[in-house]
Amino acid sequence: MRVVTWNVWWRFGPWEQRQPALHQVLAALDADVVCLQEVWATADTHQAEILGDALGLHVAAAPHPGGDAGGASDVSFGNAVLSRWPIIDHDVVALPLADGRPGHRHVVVAIVDAPHGPTTVMSTHLEYPFDQSALRSRQVAALCELVAERRARDPLQSFPPIVCGDFNAVPDSDEMRSLTGQAPPPVPGLVFTDAWAAVGDGPGWTWDDRN
């Protein structure tokens, strides 16, 4: 399974000119599953659906916002999962704010009908300020609890869940170390393999000062 994850930067910057470039890059990569963050949607148009139609992929995404499209407040900010194979079911689960209330950050959970069997794929996006590690740790805990709840009953026989996202955190941060087992995990016995650490090649930069 070839998986791509990409923060497509909402409607920041020259977003209209960026749309055909997103399509071209994703078409060239020819991934089986694409996880996107910061996709935009209005009351009648959804960026993930535009890309899915252009690429011939099935789409699971946060719903369209209510109200009339047009103003910035009517354009949502969310995540999506696109798949070569049918999506059997999907859900959108909110991540917590610092006070525990559900926030606008969320996880899109998709059950992909892959050739090897149903596979859970999640696309998420954690809070961004550098000084919010404690909040991201809380969101990681909620993410792990969600994975534990949704994973197959027999994890030794079924395909493991795939979690992609923009975590807004460096690899040695508390939140990332708890995901990969370098620190106590939020859910005992539940740790993740970092795909880049396992098979990545090169420096692995995701943030470059030339951009």
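These are my notebook entries on what I looked up in this predicted model.

**Entry 1: Confidence**

I began with the confidence values, and I found a mean pLDDT of 92 for the protein, with 94% of its residues at 70 or more. When I went through the elements, helix H5 (residues 195-199) had the lowest mean pLDDT, 89, while strand E3 (residues 58-61) had the highest, 98. I also marked residues 67-72, where pLDDT stays under 50 and for which the model has 7 contacts beyond four places in sequence.

**Entry 2**

I then traced an open sheet of 4 strands, which follow the order E5-E6-E7-E8 with mixed pairing. Strand E5 (87-96) and strand E8 (162-166) are the edge strands, each of them pairing on one side only. On average, and with direction ignored, neighbouring strands of this sheet are turned by 20° against each other. Helix H3 (residues 133-150) packs on the sheet and touches E5, E6, E7 and E8, and its direction makes about 150° with that of E5.

I noted as background that strands of a sheet pair through backbone hydrogen bonds, either parallel or antiparallel. I then took the pairs in turn.

- E5 and E6 are antiparallel and share 8 bridges, and along this pair I found His90 opposite Ala110 in E6.
- Strand E6 (residues 102-114) and strand E7 (residues 117-125) are antiparallel too, over 8 bridges, and here Ile111 stands opposite Thr120 in E7.
- E7 and E8 run parallel and are joined by 5 bridges, with Val163 in E8 as the bridge partner of Met122.

**Entry 2: The E5-E6 hairpin and Leu97**

I looked next at the hairpin that E5 and E6 form, which has 5 residues between the strands, and in its turn I found Gly100 with a positive phi of about 95°. Leu97 lies in the loop between E5 and E6. Is Leu97 buried, partly exposed or exposed? I wrote down partly exposed, because its relative accessibility is 26%, and the class in between runs from the buried limit of 20% to the exposed limit of 50%.

Not counting residues up to four places away in sequence, Leu97 touches Pro102, Gly103, Leu135 and Arg138. I also checked the C-alpha distance between Leu97 and Gln139, and these two are 7.9 Å apart in space although 42 residues apart in sequence.

**Entry 3: The nonpolar cores**

Which residues touch the most other members in the largest nonpolar core? I listed Val107, Met122, Cys144, Val163, Phe167 and Leu179, out of the 17 residues in that core. The elements that give two or more residues to this core are E6, H3 and helix H4 (174-180), and H3 supplies the largest share, with 5 residues. Apart from this core I found another, of 14 residues, which include Ala31, Val34, Leu51 and Leu57.

Beyond four places in sequence, the contacts of Met122 include Cys35, Val107, Leu143, Val147, Arg150 and Val163. Leu179 is found in helix H4, and I class Leu179 as buried because its relative accessible area is 6%, below the limit of 20%. Leaving aside neighbours within four places in sequence, Leu179 is in contact with Val140, Cys144, Phe167, Val191 and Phe192. From C-alpha to C-alpha, Leu179 and Phe192 are 5.8 Å apart, and they are 13 residues apart in sequence.

Last, I turned to Gln19, which lies in helix H1 (residues 15-29). With a relative accessible area of 14%, Gln19 is buried. The side chain of Gln19 makes a polar contact of 2.9 Å with the side chain of Gln47. Beyond four places in sequence, Gln19 touches Trp40, Gln47, Ile50 and Leu51, and I noted that Leu51 is also among the residues of the core of 14.

Terms used:
Residues are numbered from 1 along each chain as its sequence is written. This is a predicted model: local features need pLDDT of at least 70, side-chain atom pairs count only at pLDDT 80 or more; totals for chains, interfaces and linings use all residues. Side-chain values use heavy atoms; hydrogens and water are left out. Two strands pair if DSSP finds at least two bridges between them. Axes are lines fitted to C-alpha atoms, for helices over the stretch in contact, and angles run from 0 to 180 degrees between N-to-C directions. Contact means heavy atoms within 4.5 Å. Buried means under 20% relative accessible area, exposed over 50%, partly exposed in between (1.4 Å probe, protein chains only). A polar contact is a pair of N or O atoms within 3.5 Å; within protein, one must be able to donate a hydrogen and the other to accept it, and residues adjacent in sequence count only if both atoms are side-chain atoms. A nonpolar core is a set of buried Ala, Val, Leu, Ile, Met, Phe, Trp, Tyr and Cys residues joined through side-chain atoms within 4.5 Å. pLDDT is the predictor's confidence in each residue, from 0 to 100.
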